[in-house]
Amino acid sequence: MWQMAYWILMVAGVLIALQYFRDLGDITQIFLNVTRKRMVFAIRNEYKIISAALACAFMGALIDFQQDVSWGRSTEVLLGFTLFFAGFPWVFIHVGLRNQQSNAAFYSIEEAKKHVRSDESVIVLDNNGEARAHPDYHMKRPHLVGTLESLGGDQNIILTYCAMTHLGLGYKAEIEGEPQNLTVIAQIGNNLIMRNKEGEPIQQMYGTRECDGRHSDTKMQQWPTYRMPLRAFEKAFPDGKVFLNKIPSFLKNPFLCLFDHIIEWVVIVIVAIHDTKESLLFNTMDVIDDRLRMKEYVWGFNVGKDSVAYTEQFIHQNGDLINTTVGGRDIVCAYDSHYESMGIYYNDSGAPVSEIDFWGESDRGKLQRVETVKAAAYWCVWVNYFPETDLNRAPVSLEAAA
């Protein structure tokens with residue numbers, strides 16, 4: 001009887017931990033099929049799954065310790081498998097990719113230029129004259145950064161990042177006035193999934209909780225983001241701050257220093273493989289659309305349920321300025337050569353725009369940036385989450401509008 005109980009508990013521990021490893025191991029999706037349903041279950045029940053696996057394993061080990069019912073070193077082997085399958089995803093996610101929602105370190109542009117090339121693209125959040133830049137390289141590990149300090153008077157403005165999507169997306173981390181304490185937890189469909197303090201998954205692309213669905217009005221407020229080189233950021237915001245994800249010194253924290261170097265190496269290698277090939281590292285897409293190359297950059301956005309994506313080439317071909325209509329609202333898409341940045345703005349003036357600058361100052365007045373823009377996201381991922389998207393929607397000509 002004791003021997004049967006031992007084997008049932010030890011094998012159950014391995015199998016439960018293996019389920020957790022499969023569904024939240026992240027890199028396991030390279031080799032294993034993970035459905036969204038299983039992943040959502042694992043996210044919502046992460047600690048219950050881990051606790052169940054460890055409880056089975058340690059109870060089985062206790063039986064062996066008291067009754068000596070194992071075969072050879074089976075206890076050590078099975079306990080080792082359980083600890084690895086349960087421990088690897090947890091450590092990788094919660095330590096290796098620990099977010100910095102409230103404690104990110106931002107530096108002056110002069111300091112940033114020691115670590116970031118002047119031509120490197122940065123993702124910008126700004127508000128009331130204050131601005132923060134986020135280089136892709138420094139966002140790859142934390143995936144989620146912010147600060148307790150306000151951004152131009154607004155609190156809890158964060159940047160979320162997904163290397164598999166090449167997407168930095170800003171949010172005010174609140175839902176119905178309730179601050180969201182977010183954790184980076186997984187990816188599926190090559191896009192980041194976060195979890196709030198209630199354990200509910202939140203998809204980066206939508207900002208909605210899984211329980212509410214894609215089109216729910218109950219969601220985090222998206223915050224306008226755009227891209228530009230660091231040199232242009234310095235011109236636009238000479239007093240702006242730049243996020244740098246510096247690894248702790250060995251003397252200050254030897255464990256984190258060594259661990260972060262290992263994780264950074266692993267992440268950089270994996271992302272480099274993903275970024276330099278046309279094929280996907282994770283084949284977890286539901287939609288395949290060959291209107292563009294899979295990893296061509298697009299500026300996708302939606303107004304309500306109407307979604308559009310533009311390529312930079314199309315904007316250039318149309319004189320760096322397009323007037324269009326999305327979701328019943330007039331929109332202006334413009335490229336500013338001085339600041340080397342694509343901007344997408346609401347145009348509520350009632351007439352087309354013929355001139356506009358980086359700041360949204362146009363011949364029709366001051367225009368506000370569209371908050372739902374996903375700047376330079378991979379086409380294949382954008383269309384996977386917005387399959388109804390219109391590509392390079394024809395512009396409204398000034399003559400026709402007149």
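Q: How many salt bridges does a search of the whole structure find?
A: The search finds 24 salt bridges, each being a side-chain nitrogen of Lys or Arg within 4 Å of a carboxyl oxygen of Asp or Glu. This is a predicted model, in which local features need pLDDT of at least 70 and side-chain atom pairs count only at pLDDT 80 or more, while totals for chains, interfaces and linings use all residues. Residues are numbered from 1 along each chain as its sequence is written, and side-chain values use heavy atoms, with hydrogens and water left out.

Q: What makes the meeting of the R44 and E200 side chains a salt bridge?
A: The N to O distance is 2.6 Å, which is within the limit for a salt bridge, so the pair counts as one. R44 is in helix α2 and E200 in the loop between β10 (191–195) and β11 (201–203), 156 residues apart; helices (H or I, at least four residues) and strands (E, at least two) are DSSP runs, numbered from the N terminus.

Q: Why is E200 called buried, and why is R44 called partly exposed?
A: Buried means under 20% relative accessible area, exposed over 50% and partly exposed in between (1.4 Å probe, protein chains only). E200 has 12%, so E200 is buried, whereas R44 has 40% and therefore counts as partly exposed.

Q: Why is α1 called roughly parallel to α4?
A: Helices α1 (residues 2–24) and α4 (residues 74–96) pack at about 25°, with their axes 9 Å apart. Because angles under 35 degrees count as roughly parallel, over 145 as roughly antiparallel, 65 to 115 as roughly perpendicular and the rest as oblique, α1 is roughly parallel to α4. Axes are lines fitted to C-alpha atoms, for helices over the stretch in contact, and angles run from 0 to 180 degrees between N-to-C directions.

Q: What makes α1 roughly antiparallel to α3?
A: The axes of α1 and α3 (residues 46–67) come within 8 Å and cross at roughly 155°, an angle in the antiparallel range, so α1 is roughly antiparallel to α3.
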